Amino acid sequence: MGASVLAKRLLLFWLAAAATLLTLATGTFLYLREVQTQHYTEHLLGDAVQVLDSELGSEGDRLTAAGKAFIQQRGVDANLALFYNYYEANAGKPEIFDYPARELATALHEAARAVDADWAVVSGKPGAIAGHYDRTTFFWSHRDGETKAIAVDREGNGVEPDARKLAGLGFHADELHLETCANGSGIAIEWEGEIVRAGTGSIGRASIGRCLSAETLNDLEERTHFAIVIDSGNRVQSKSAPTGPVPVADAYAGPAPGQRWLGPARFTEIDGRRAAVMSVALVDGQSVGIVIVERDAAAEGGAGPTLIGTAIASLLAVTLLVMTAGLVYLRRNLTQPIERLREGAEQLRQGHYEPITGITAANELGDLASAFNEMTAGIQAREREIERERALLRTLVNTIPDLIWLKDQHGVYLGCNSRFESLYGATEAEIVGKTDYDFVSGEMAEFFREHDRKAMIKGAPSKNEEELEFADGHRELVETTKTPMRNERGELVGVLGIGHDITERKKDEARLQLAASVFENAREGIMITSPTGEIVDVNDSFTRITGYGRDEVRGRNARILQSGRQDRQFYQAMWLSLVNEGHWDGELWNRRKNGELYAEYLTIGCVRDDGGAIKHYVALLSDITAIKDHERQLHHVAHYDALTNLPNRVLLADRLRQAMAQSGRRRQKFAVIYLDLDGFKVVNDTYGHQIGDRLLMRLAAQMKAALREGDTLARLGGDEFVAVLLDLDDVQSSLPMIGRLLAAANQPMVEEGITLQVSASLGVTFFPQTEDVDADHLLRQADQAMYQAKLAGKNCYRIFDTEHDRALRGYHESLDRIRQGLMRQEFLMYYQPKVNMRTGAVVGAEALIRWQHPERGLLPPATFLAVIEEHQLSVELGYWVLDTVLKQIETWKRTGFTIPVSVNVGALQLQQTDFVERLQQLLNQHTGVHPGELELEVLETSALQDVAQVSKVMRACSDIGVAFALDDFGTGYSSLTYLKRLPATQLKIDQSFVRDMLIDPEDLAILEGVLGLARAFGRQAIAEGVETLEHGRLLLRLGCELGQGYAIARPMPAGDVPRWAAQWRPEEAWLLQRPVKADELPLIFAAVEHRNWVAQVESHLRGEREAPTGDHQSCRFGTWLYGKGRERYGDSLAFKAIDTHHRRAHERADELIKLKAGGQAAAVVARIGELHLLRDMLLADLEILAEDA
Amino acid sequence: MRFVPIALLSCLAFLAASALADEPAKKKFVVAFAQDTMANDWRAAQVRDLKNALARHPDVEFVFTDANGDTARQVQDIEDFAAKGVDVLITSPRDAELMREPIARIHRRGIPVILLSRRVTGTEFTQYIAADNREIARKAARYLAKRLGGKGRILVLQGVPSASSAIERTEGFRSEISKFPGIRIVAVRPADYLRAKAIERIEEVLSEGLGFDAIYAQSDSMAMGALLALKKSGLDPKKIPITGIDYISEARQAIRAGELDATFTYPTFGKEGAESAIALLRGKKLARKEVVIESTAVTRANVERVEPIF
């Protein structure tokens, strides 16, 4: 190769330059290293000094910690105190102190062993008491006039440390210091401290120390790689330290900066080894020299020669490297490029468009190569462009989803696309050159051929629909277009065929047709509107239903149909449903074109476009007017008597319920009149049913006419009617109507020429009554009164005497009748909920027994329990109640409703010896009931009859998980002792205190006291008789959260409880109450005082008692207001308002009392409301006062 | 039903009065007990008994300390009580000699000191209440001699041999049994008052083939251990008379079951200590400086009437 000469020359040049540079670099490197080694050694020496200093520091810290821990041990302090306080008193018997000395020695042993101390001493009153030295712990025993050292870990004589050693254990002033080591060589670090007892002062001392031995120094040498010499006259040193004399350190003048013990270091050399010399001071002031020195040179030696060897080796390596690099350079830049150029030309000649690579040099060879490459690339690019266009065309034809093929004039395939390939299941190559006859039946091929020919003859595209079967078996309906192909000279060369799949399009067309047919033929009216409600289209049924023709409504808003019977909210709800859910359906009233209203069932759905926006609404409407009418008829039949068209029994019950609810709201009475015709049966029997029926119809009409609008006359059946007269101010105002009813019934009538006359007997009762009654009650009462009227000679009325009835009912049922009732299952349980008035939680229910007496109706327990109280039957009934309640709890639980129920247990039952056993049996029978879900209530008074027995039963019950409540709490005479003995979990505050707490300060005080008792004994308190919202509020303010009473719920049948519990919410006003603080209690008492006064005034004005005495300053509220009240709240604004209200209340009361005295009693009663108003304002301000405070 | 709840009101009045009484607090007497250690059940029961007995006196406050078995700490507890000015100090001194002077100093300061179950040397204290271990041992000896009908071999399970109680319980037993010629002690095996050791000792004796007809255990815990070991070896404890000392609940169960013949109460002196303290507080002089509490033998005859100590 001609280039090798150039390569050799360049190699020589490279060698010379590299050798020169390497020589220079080696010299400089060796010089710099020598300088740096010296600095580096001193730096390392400095580090070693730091390590030594911190070693001393941490050793000191460990000793300090151990020493302090030792003197703070309670035993150490206590034992030293024994010596301090009693050693002299027992000077005659020093041996008894062996025990504490031994204790101290044991503690010292632990402390010394923990830090591996070389010695430790504790001393007190008689001097040294215990010591640790040479790995042995001693205490000094003084016995029989001599002192012996006794080792703690075994009995017997120890070796007494010699005097010199003891001297080494002397005490010094500093807590932590250095001193000469006790064995005389080197230095030691020692901690000492005084043992101080509060109140007494120092009672002893302790010291603990450790020598810096040769082993310690060897350890340090291993860590720092420097030898250490401590030269305290008697020198200690690490293993590699020089044995000859070392330089004398300067006198100690305090630690060097950053160090705790060692003085500043001076750097020097000993036998050619770098060294640092410094000093440290002992506790006696003596200065001790410390030398830290490089280890023996032999250990570090050999570094020099090794380094030079390494340097030479590196030089040789570099020289080799440079030579090789020179050769490589030449090859790359000259010989290789030329070879490549030659190869590139050869490749191009052979038709390969490979560019020449690897020639990057910017010289003539590089230029030549790139010109060559550009040339090659130009040729290649043109060829690729042609190829790309061809491929594009091919792709285009293959991508078109239609079938495409070309045939020559004779039907021979010239080409096709890939879709067409799938038709015949053959590749294009297989198809070209063949005809249809090669692929399909002759008949089919003929058909294709004919079509091709038609197109060629026509000279224009020709369309045809063909159903084709593809190679894979599926069929498509294809629209084929065949177009004659001509060459550039205009000569016919063949046919171009395009086949387009129209299967889906055909199906869509069919569906549209079907939809249009449904739209036209549907029985329901269909209306399509735009999103804004403009009608787009309607069908014929729409026209039939609404009367509007298609053209009349198109473009108009669907509102034209609105009847106005639905309000805005109705339509708003409809739109809301449409927008949110996409559809709406329901019934509504619309108006036909002729103005007639009709009921329609309407379904509206949205039609959305692909983007989800509403395009149309489609409404389906059917006329349901006829159905509605039918419903009304059914309703009428169900609620009205067919003969008289009067309300029947069902509707009557409904009206009664309404009347009872209204009566409560309007504070008005209403009357229930039971009406039975006298002598009607005779008419029926004599003249037949037809006449009788007609008479009934006319009587009904007349009696109805006798009543007012709004009153109800119902027919119960036969000749029995019931009238309900509403809104009566009093009993008297019903009398005219009763008279009219009697007259109407008594009017003679002529039917078929026969004059008929009957009369009526009426029984009347009123609502409300002093007792709680229901609709059935009212009817029974009226019925009873009606019988009285019959008995009294007919054609008259009798008013039901509630007082008389009550008196009658007061007679107790006989024992036998009750037993019978139990057998006939006439008893049932009602449940009154107990709640947490603050949280709204339903916490339980009390089970209350009722007697569904077949003759007397629902009886409360007072009417029958007293009879059997002392009788065994009460026990039987008691178990029946327990069983029923447990069953009920199970029934509820099965429906997912769980509530603890309390059951009242009588005294006699509790005294049964097997009570607990039977209770357990019952619980076993009702496995669905958890014992905690049953609670027993026992009257406080019965519990006190036999505290011992009852508390035993209570405890036994609570063992099986059943809790107890003390019922009617406060009515007995429970002493605190008894209460303590009765393990009841709940106290039920008797309702008498609760009921009157709003107006009776004494009751309030008792209530407050009971709540305090419950808190003190950790019992739960629940208030019975929460009758009004106000009761609840005050209870909550007193901190009583649990309640039971009419304000919450009346007792109810079991079936009503779950529903009630689900819907019950506490009163709003209750939610806001918070318990008062103790200092606000007087405010509550004051409020009650004032209520009490108003109540007194009121009952005086009603003529029930004397007027209360005292003016606004001397009444009880006044006494508080102008005394303690003023003192505490005098500055508050509310206080002034209260003062004003109070004065005005007294003025108004005085005025009314005077009027009453003047004989205007009725007018006065009407004005009582004014007093109430003033009272409520005052109470409101009192609450503000409490909140401000 | 509505009664005027007079009782209730008076209770409230009492509550109010006691609340008011806190203001000018009436001085309460303080009785302090410096206990050696609470880790021992018998000593814990001693504290409990004292506490319960004093709880009946609302004007007395009871406080106690636990020296954790450390004499120096018990001294310190006593000194702390004296510094606070307690009205009566009760203790059970751990060291008769060392604690003589600390207790004497407090006694000299006029604070009455009652010692329970253990005493200090000298007489500088107010009263010492204890039981007579020798007498208990003698009772046990007489009981077993009678049970065996004057003829038989007795195995002795001894407490900590160096403790004075164990020494006295052994010596008293030996001296009494020597009066019955037909009865002899076959072995005295120390079991340190521990159940586990008692089990080992019995197993040893059985494997050695040493015959015995009755067991005198110097504590109930050892007696219980003996029962277990016998049952494990297939022997019926009902056929071998066994007696214990202390009368703990387990012993009661065993007596009820007929497995333990008898045990001798070793009272905690809590009740007696409390009675002396109350007498001192009420200004009375104590009749005797040293009181020895009688031990009761508990057998099936009276097991239901006597309450165990714990």
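Visitor: Before we start, when do two strands count as paired?
Guide: Two strands pair if DSSP finds at least two bridges between them. Keep in mind that this is a predicted model.

Visitor: OK. How many bridges join S3 and S4 of chain B?
Guide: Three bridges join strand S3 (residues 88-91) to strand S4 (residues 113-116) in chain B. The two strands run parallel.

Visitor: Which residue stands opposite B:Thr91?
Guide: That is B:Leu115, in S4(B).

Visitor: What's the strand order in the sheet?
Guide: In chain B the order is S2-S1-S3-S4-S5-S11. These six strands make an open sheet with parallel pairing.

Visitor: Which strands stand at the edges?
Guide: Strand S2 (60-66) and strand S11 (290-293) of chain B do. Each has a single partner strand, so one side of each lacks a neighbour in the sheet. On average, neighbouring strands are turned by 20 degrees against each other, direction ignored.

Visitor: And which strands does helix H3 of chain B touch?
Guide: Helix H3 (residues 71-84) packs on the sheet and touches strand S1 (29-35), S2 and S3 of chain B. The direction of H3 makes about 170 degrees with that of S1(B).

Visitor: Where does H4 of chain B lie?
Guide: Helix H4 (residues 100-108) lies across S3 and S4 of chain B. H4 runs at about 145 degrees to S4(B).

Visitor: Switching to chain A. What's the average pLDDT?
Guide: Chain A averages 84, and 93% of the residues score at least 70.

Visitor: Where does pLDDT stay under 50?
Guide: One stretch is residues 1-7 of chain A, with seven contacts beyond four places in sequence. Another is residues 298-304 of chain A, with two such contacts.

Visitor: How many helices and strands in chain A?
Guide: Chain A has 40 helices and 39 strands. Of its 1189 residues, 44% are buried.

Visitor: Which residues touch the most others in the largest nonpolar core?
Guide: A:Tyr831, A:Val885, A:Phe915, A:Leu936 and A:Leu966 do, in a core of 86 residues. Helix H25 (residues 872-894) of chain A gives the largest share, 10 residues.

Visitor: What is A:Val885 in contact with?
Guide: Leaving out neighbours within four places in sequence, A:Val885 contacts A:Met829, A:Tyr831, A:Ala847, A:Val901, A:Val903 and A:Leu934. There is also a second, separate core of 81 residues, including A:Ala66 and A:Leu282.

Visitor: Now H33 of chain A. Why is that helix largely enclosed?
Guide: Seven of the nine residues of H33 (residues 1029-1037) are buried, so the rest of the structure largely encloses the helix. Among the buried ones are A:His1031, A:Arg1033 and A:Arg1037.

Visitor: What do they pack against?
Guide: The buried residues of H33(A) pack against several elements of chain A, including helix H32 (1001-1017), strand S37 (1020-1023) and helix H36 (1081-1101). A:Gly1039 follows H33(A), with a positive phi near 90 degrees.

Visitor: Last one: strand S2 of chain A, how many residues are buried?
Guide: Five of the seven in S2 (residues 127-133) of chain A, so that strand is largely enclosed too. Six bridges join S2(A) to strand S1 (residues 119-124), antiparallel. Four bridges join S2(A) to strand S3 (residues 136-143), also antiparallel.

Notes
Residues are numbered from 1 along each chain as its sequence is written. Chains are lettered from A and ligands numbered from 1 in the order in which they are written. This is a predicted model: local features need pLDDT of at least 70, side-chain atom pairs count only at pLDDT 80 or more; totals for chains, interfaces and linings use all residues. Side-chain values use heavy atoms; hydrogens and water are left out. A nonpolar core is a set of buried Ala, Val, Leu, Ile, Met, Phe, Trp, Tyr and Cys residues joined through side-chain atoms within 4.5 Å. Buried means under 20% relative accessible area, exposed over 50%, partly exposed in between (1.4 Å probe, protein chains only). Contact means heavy atoms within 4.5 Å. Axes are lines fitted to C-alpha atoms, for helices over the stretch in contact, and angles run from 0 to 180 degrees between N-to-C directions. pLDDT is the predictor's confidence in each residue, from 0 to 100.
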